[in-house]
Structure formats: C-alpha cells, structure tokens
Amino acid sequence: MAAKFELYKDKAGEYRFRLKAGNGEIILASEGYTKKDSAQHGIESVKQNAPDDARYERKDAKSGKPMFNLKARNGEVIGTSEQYESAAGRDHGIEAVKKAAPDATVHDLTH
C-alpha cells in the first residue's frame with residue numbers, strides 16, 4: 001500500500017489531514033482548519049516542504065519524548081508527528097515523511 005493523505009472532519013467540525021505510511025501508520029497530522037480548502041492547501045504545503053530537512057523542527061514533547069514539527073517557509077507548523085521512544089525513532093519518522101509525502105495521494109473522507 002502506498003502512502004496517502006486522509007482529509008477528514010473531526011468531532012468539532014474542523015477539517016484535518018493525516019499522512020499515513022504504506023503500512024497504515026500515521027506519520028504526520030495537521031491542526032484543525034475551519035475551511036476545507038485551507039486543509040487542502042496545507043496538504044500541498046506538506047508535499048512541497050517535506051523533502052527539505054531544514055523544515056523539520058526536532059524537539060521533545062512535554063512528556064520528554066522526541067517528536068517533530070514540519071514547518072512551511074513562513075515558519076508556520078503544517079504537520080506534527082507522534083511521540084517517539086527515541087531520537088532515532090523520530091529521525092526515522094522524518095525520513096518516512098520526506099519519502100512519502102511528495103507523491104502521496106489524497107483521500108477525501110469528508111463526503
């Protein structure tokens with residue numbers, strides 16, 4: 001199975017997207033958007049920015065576990081990772097996003 005973006009509406013009625021790896025694991029998730037076209041623009045921004053290592057903010061979550069944010073050229077966070085058990089796991093997650101995002105298909109689940 002190839003990587004894919006899923007565009008969906010959350011319980012609060014906001015549009016969100018998640019990037020799933022070929023194995024079905026979520027490797028990046030978005031913030032909530034009030035408009036569907038804003039979420040779609042976010043997906044395009046992830047596709048464009050994902051290959052650039054400089055766009056990744058490597059950090060620790062409040063829990064102390066490693067995680068990362070993918071940022072657009074303007075510095076805005078466009079996607080957030082899960083929390084990892086190790087920095088090596090986080091780095092593997094970043095590489096997965098770099099590889100998967102540019103060619104991932106978009107599945108619109110909002111219908």
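Biologist: Where is the place of I26?
Modeller: I26 sits in strand 3; strands are DSSP runs of E with at least two residues, helices runs of H or I with at least four, numbered from the N terminus. This is a predicted model, where local features need pLDDT of at least 70, side-chain atom pairs count only at pLDDT 80 or more, and totals for chains, interfaces and linings use all residues. Residues are numbered from 1 along each chain as its sequence is written, and side-chain values use heavy atoms, with hydrogens and water left out.

Biologist: What is I26 in contact with, leaving aside neighbours within four places in sequence?
Modeller: R18, L19, K20 and E82; contact means heavy atoms within 4.5 Å.

Biologist: New topic. How many aromatic pairs does a search of the whole structure find?
Modeller: Four. Rings of Phe, Tyr and Trp (its six-membered ring) pair if their centres lie within 6.5 Å; planes under 30 degrees apart are stacked, over 60 edge-to-face, the rest tilted. F5 and F17 are edge-to-face, at 6.0 Å centre to centre and 75° between the planes.

Biologist: Which parts does that pair tie together?
Modeller: F5 is in strand 1 (residues 4–9) and F17 in strand 2, so the pair ties together parts twelve residues apart in sequence.

Biologist: Are F5 and F17 buried or exposed?
Modeller: Both F5 and F17 are buried, meaning under 20% relative accessible area, with exposed over 50% and partly exposed in between (1.4 Å probe, protein chains only).

Biologist: Which ring cluster includes F5?
Modeller: Ring pairs link F5, F17 and Y33.
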